[in-house]
Amino acid sequence: MKEVLIITEPERVRVLSDETRFKILQLLREHPMTINELSDATGKDRTTIYRHVKILENAGLVEELEVHGNERVYARSARLFLIKADPDESVEEFRQAYLQVEAEKLVRVLEKAGFKIGDRNKLKKLAKEVLNEIELNSQPIIKRISQANIDLTEIELFHLLNMLVFLQSCELCEKAEMAKRLIEF
């Protein structure tokens with residue numbers, strides 16, 4: 001299993017845009033599972049889960065790990081997926097929904113850490129805008145790294161993402177000031 005898989009192809013992002021397939025990948029992050037285990041965990045029938053697992057497998061996101069009798073055990077093909085597909089109409093709805101969820105998570109993390117948020121909705125909207133801007137401006141660099149087929153470790157990915165934000169820091173200064181006014185440090 002790779003540590004990081006960069007997904008830049010719209011076709012692979014479309015595979016992820018299905019709620020059931022996304023849930024399967026979340027479950028497989030915990031540990032490898034059989035179709036029966038995935039079926040029990042999702043509340044969906046085996047045939048449906050099998051069909052979704054095969055789609056994920058064909059997209060290179062899931063792999064068969066081993067066989068136990070007549071049960072196959074599946075695992076993610078990478079511990080972390082970095083989804084950075086070029087803007088494409090067919091994946092834009094998924095991308096925007098994903099950014100909305102991630103912006104909400106960021107605000108929740110700050111709240112859990114005890115930060116006081118002046119206007120929660122305004123901060124969430126700003127976070128989504130910033131994530132979107134960073135993602136769009138980072139596309140050429142991430143696509144080139146993906147095409148070079150470079151295996152990244154989790155820490156290398158972390159540093160790469162920090163560098164991508166740093167490269168855009170001047171353009172984001174105004175938004176950073178707005179965020180500082182919304183968060184009581």
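Which residue forms a salt bridge with Arg95, the closest N and O atoms being 2.8 Å apart? Glu135 does. A salt bridge here is a side-chain nitrogen of Lys or Arg within 4 Å of a carboxyl oxygen of Asp or Glu.

This is a predicted model, in which local features need pLDDT of at least 70 and side-chain atom pairs count only at pLDDT 80 or more, while totals for chains, interfaces and linings use all residues. Residues are numbered from 1 along each chain as its sequence is written, and side-chain values use heavy atoms, with hydrogens and water left out.

**Overall build**

- The protein has eight helices and seven strands. Helices (H or I, at least four residues) and strands (E, at least two) are DSSP runs, numbered from the N terminus.
- The C-alpha trace spans about 60 × 35 × 30 Å along its principal axes.
- The protein has 185 residues, and 39% of them count as buried. Buried means under 20% relative accessible area, exposed means over 50%, and partly exposed lies in between (1.4 Å probe, protein chains only).
- Take the contacts (heavy atoms within 4.5 Å) in the protein with a separation of 6 or more: 70% of them come from residues 24 or more positions apart.

**Surface and charge**

- The accessible surface of the protein is about 11,100 Å², and carbon and sulfur atoms hold 53% of it. Accessible areas come from the Shrake-Rupley method with a 1.4 Å probe; for residues, only the protein chains shown count as cover.
- The protein carries 29 positive and 33 negative side chains. Lys and Arg count as positive, Asp and Glu as negative; His and the chain ends are not counted.
- The centres of the two sets lie 3 Å apart. Each charge is placed at NZ of Lys, CZ of Arg, CG of Asp or CD of Glu.

**Salt bridges around Arg95**

- The whole structure contains 18 salt bridges.
- Arg95 pairs with Glu92, with the closest N and O atoms 3.1 Å apart. Both residues lie in helix 5 (residues 89-112), three residues apart, about one turn of the helix.
- Glu92 is partly exposed at 24% relative accessible area. Arg95 is buried at 9%.
- Arg95 also pairs with Glu135. Glu135 lies in helix 6 (residues 120-147) and Arg95 in helix 5, so this pair ties together parts that are 40 residues apart in sequence.
- Glu135 and Arg95 are both buried.

**Salt bridges around Arg120**

- Arg120 forms a salt bridge with Glu104, where the closest N and O atoms are 2.6 Å apart.
- This pair links distant parts of the chain: Arg120 is in helix 6 and Glu104 is in helix 5, 16 residues apart.
- Arg120 is partly exposed at 27% relative accessibility, and Glu104 is buried at 17%.
- Salt bridges with shared partners join Glu104, Arg108, Glu111, Arg120 and Lys124 into one network.

**Cysteines**

- The count of disulfides (pairs of cysteine sulfur atoms within 2.5 Å) is zero.
- Cys170 is in no disulfide; its nearest cysteine sulfur belongs to Cys173, 5.5 Å away. Cys173 is likewise in no disulfide, and its nearest cysteine sulfur is that of Cys170.
- Cys170 counts as exposed at 65% relative accessibility. Cys173 counts as partly exposed at 43%.
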